[in-house]
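Hi everyone, thanks for making time this morning. I'd like to walk you through one structure, so let's get it up on the screen.

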Amino acid sequence: MRVVVAGGAGFLGSHLCDRLLGEGEEVVCVDNFLTGRRSNVEHLLDRPGFDLIEQDVSEQVAVPGAVDAILQFASPASPLDYARYPIETLKAGAHGTLNTLDLARSKGARFLLASTSEVYGDPLVHPQEESYWGHVNPIGPRSMYDEAKRYAEALTTAYRNRHGIDTAIIRIFNTYGPRMRTDDGRAIPAFVSQALRGEPVTVAGDGMQTRSVCYVDDLVEGILRMLRSGLPGPVNLGNPHEMTIIDTARLVVELVGAEVPITFMPRPGDDPMVRRPDITRARQQLDWEPTIEVRDGLLRTIEWFAAELAARPVAGAGTATPGA
Ligand SMILES: NC(=O)c1ccc[n+]([C@@H]2O[C@H](COP(=O)([O-])OP(=O)(O)OC[C@H]3O[C@@H](n4cnc5c(N)ncnc54)[C@H](O)[C@@H]3O)[C@@H](O)[C@H]2O)c1
């Protein structure tokens, strides 16, 4: 199978490239390095079956040769990143999804959209199941991301119904692991890099808001099962183990073994109060559920960040804005 991974030099995309190549698939990574890094895929450049194309999918997607599947992961994903790049985020969800769907149509490929739990907004239903339509502020500080993904889901559905494209939609809940940027602003990379640097760990609000965090290897397994299933979705993929942000911060500090205080800062606007996936559909249809305990996932993440910070000690401020 020859798979195009749009956004393949990002956090999730690069893990997908690794895993697909490891399973003998060919991979074309398409990325413009807006929020990703060439270093995430540098180790793959000499691997047979791997191609890297530097391209902005919002402008065009040109991939020569046969393509069997397209994974549309190209979009800023952290609240800091999409606030920094609001128009680029809307264009990635709209034009980038349109261009990758057109590529799927011209190649006869299966298309998988990386949507997000953010389509549920600040949810009034808990836990969130796929039938919930969401509670989203269309002009709020997260609207460029939430609405871009909602539009991308609608476009994917229209291409399926109108053009008969074989499409899949996954709604990814907060995922963490190696290769997140220390400065991307999401809670776990921020807490880990602060604790490793011996700085105070900054929690938004009183830290009583909840998140359910999934280790990247579990998520990648779920994505590949969805890709190979032929199912349309949407399917929630995430870890239903819910924790408050303050408990997550305390656990990171404990696992790092740091003697640092936890400090508080104002919560960003429209920050969801609760977040937990109902993964009944993924369990039933994909026979999938996360297997990696949060302590194990955090230890692997801390180990990677420690090496990263030793190699690049000045990169990123690590301010916490939990979300994404
Ligand atoms: N990580 C999570 O917890 C999470 C949760 C929900 C959804 N997602 C979705 O998964 C995808 C990947 O997220 P991530 O966490 O790996 O973020 P990331 O920022 O690390 O990766 C996104 C990648 O897309 C690239 N990109 C952005 N705009 C592009 C464009 N116009 N053309 C080409 N490349 C472009 C970036 O350079 C980057 O490499 C995103 O679509 C995101 O919405 C992630």
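This is a predicted model: local features need pLDDT of at least 70, side-chain atom pairs count only at pLDDT 80 or more; totals for chains, interfaces and linings use all residues.

Where does Leu231 sit? You'll find Leu231 in the loop that runs between helix H6, residues 216-229, and strand S11. Setting aside residues up to four places away in sequence, Leu231 touches Ala168, Met226 and Gln285. Take Ala168: 63 residues separate Ala168 from Leu231 in sequence, yet their C-alpha atoms are 6.3 Å apart in space.

Now follow the chain on to S11, and we come to the sheet. The sheet is open, with seven strands pairing in parallel, in the order S3-S2-S1-S4-S5-S6-S11. S3, residues 50-54, and S11, residues 235-237, are the edge strands; each has a single partner, so one side of each has no neighbour in the sheet. From one strand to the next, the twist averages 20 degrees.

Let's look at one pair in this sheet. S1, residues 2-6, runs parallel to S4, residues 69-72, and four bridges join them. Here Val5 is opposite Leu71 of S4.

Finally, the helices. Helix H1, residues 11-22, lies across S1, S2, S3 and S4, at about 165 degrees to S2. Helix H4, residues 143-163, lies across S5 and S6, at about 155 degrees to S5.

That's my tour, and I'm happy to go back to any part of it.

Terms used. Residues are numbered from 1 along each chain as its sequence is written. Two strands pair if DSSP finds at least two bridges between them. Helices (H or I, at least four residues) and strands (E, at least two) are DSSP runs, numbered from the N terminus. Axes are lines fitted to C-alpha atoms, for helices over the stretch in contact, and angles run from 0 to 180 degrees between N-to-C directions. Two residues are in contact if their C-beta atoms, placed from the backbone, lie within 7 Å.
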